[in-house]
Amino acid sequence: MTLDAEILKALRAPPGAEFSAADLVQRLRCSRSTVRSHIEGLRALGYEIVSDPHRGYRLVSAPDLLHADEILSLLGPVEVVGRDIHVFKETTSTNDVAEKLARDGVREGVVVFAESQTRGRGRLGRRWVSPPGKGLWFSVLLRPNLSPQTVTQLTVAAATALSRAIRQQTDLATEIKWPNDILVQGRKVAGVLTELSAELDHVNHAVLGIGLNVNLTTGDFPPELRKLATSLKVSAGRPVRRAELAAAILRELDRDYGRISRGQFTAVADEWEGQCTTLGRHVSIRLGDRRVTGRAESIDEDGALQLRTDHGHLERITGGDVSLEKS
Ligand code: BT5
């Protein structure tokens with residue numbers, strides 16, 4: 001953990017507590033002037049830290065910006081996801097940056113956030129709207145011990161973790177739409193894009209890209225998305241602090257990645273099924289130029305959707321766009 005992260009962690013626990021410069025010097029094992037210059041640096045970023053010559057430093061408020069040190073200080077210990085965090089002001093796509101890190105041999109678990117993306121993407125090259133300062137647009141580099149056939153487990157685990165973290169932090173009721181959408185009040189609030197580098201029988205690495213609309217207003221969406229998309233702020237009626245939410249999501253992702261890495265996908269799938277509004281419904285799925293319709297029955301042990309087609313066959317679906325039909 002960096003010194004900034006250590007200072008923020010110290011000032012946060014317990015909330016509003018005061019620490020003298022001497023306390024911090026002892027706790028962080030550095031000089032008084034180093035503490036002072038780091039506090040100044042944090043203030044310059046917008047952290048309101050008051051200092052009283054007799055009582056010490058106190059954190060009054062933190063800005064809603066993404067700062068790797070702050071996310072790390074809120075995250076606590078993790079096994080893999082979030083071991084290292086990078087935050088960029090702007091990128092083309094955070095998936096591109098994570099992909100480059102993968103090719104450079106960086107170990108799994110690194111997370112890349114951007115305040116804005118100029119070419120944020122969804123599946124099949126679709127655009128992902130990612131305006132500055134209001135969302136969580138990030139990618140996680142993973143090197144899972146999964147075959148390309150079972151890698152849908154990652155998307156399922158990501159959706160489950162994301163949904164759980166949103167509920168914990170906002171009390172909003174979330175729904176999962178297979179395979180990669182999180183909905184609130186029937187509108188899309190987040191999407192997951194899993195990109196792979198794989199051989200026939202094994203995955204070299206996977207980049208899990210997550211886009212979550214946090215504090216966007218309706219006007220931040222292009223007109224064609226205003227009826228389909230929402231943000232946590234629009235749905236909850238109040239802004240949500242992104243750093244805390246980001247830490248909660250990484251913690252839950254780390255937990256579910258651990259579960260699938262240990263072969264406990266069934267536990268994740270059970271939780272996923274409880275939140276998935278696709279199951280049990282009559283759906284229409286576009287697969288390239290083909291369209292299949294039927295009843296979404298379950299997900300199998302690989303994370304694929306089992307569809308009972310209108311012709312009575314059981315079809316295994318690993319991708320595509322699902323529309324829920326009126327039941
Ligand atoms: C997704 O694709 O839902 C996956 C989105 C993943 C975005 C993240 S952001 C960080 C990382 N870096 C990237 O470049 N991407 C990932 P898909 O299911 O194909 O949905 C795309 C469709 O969602 C678009 O065609 C629009 O209709 C809609 N859409 C675009 N931006 C949206 C937004 N901000 N909120 C809700 N819907 C949106």
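**The ligand and the chain around it**

The ligand is surrounded by 28 residues, of which Ser93, Arg121, Arg123, Lys188 and Asn213 are the closest; a residue is counted here if one of its heavy atoms lies within 4 Å of the molecule. The model is predicted, so local features need pLDDT of at least 70 and side-chain atom pairs count only at pLDDT 80 or more, while totals for chains, interfaces and linings use all residues. Residues are numbered from 1 along each chain as its sequence is written, and side-chain values use heavy atoms, with hydrogens and water left out.

The shell around the ligand comprises ten nonpolar, twelve polar and six charged residues. In this division Ala, Val, Leu, Ile, Met, Phe, Trp, Tyr, Cys and Pro count as nonpolar, Asp, Glu, Lys and Arg as charged, and the others, Gly among them, as polar.

Polar side-chain atoms of Ser93 and of Lys188 each lie 2.7 Å from an oxygen atom of the ligand. For Asn180 the corresponding distance to a ligand oxygen atom is 3.2 Å. A polar contact is a pair of N or O atoms within 3.5 Å. Taken alone, the ligand exposes 800 Å², and the protein buries 91% of that area, as computed by the Shrake-Rupley method with a 1.4 Å probe.

Helix 5 (94–103), strand 5 (135–142), strand 8 (187–198) and strand 9 (203–213) are the elements that give two or more residues to the shell around the ligand. Helices (H or I, at least four residues) and strands (E, at least two) are DSSP runs, numbered from the N terminus. In total, the chain has nine helices and 14 strands.

The dimensions of the whole chain may be considered next. Its C-alpha atoms fill a box of roughly 80 × 40 × 35 Å along the principal axes.

Two details of the backbone remain. Most residues other than glycine have a negative phi, and most peptide bonds are trans. A cis peptide bond, with omega about 0°, joins Trp178 and Pro179, and Pro179 is found in the loop between strand 6 (174–177) and strand 7 (181–184). Leu124, a residue other than glycine, has a positive phi near 55° and lies in the loop between strand 4 (110–117) and strand 5.

Conventions: A polar contact is a pair of N or O atoms within 3.5 Å; within protein, one must be able to donate a hydrogen and the other to accept it, and residues adjacent in sequence count only if both atoms are side-chain atoms.
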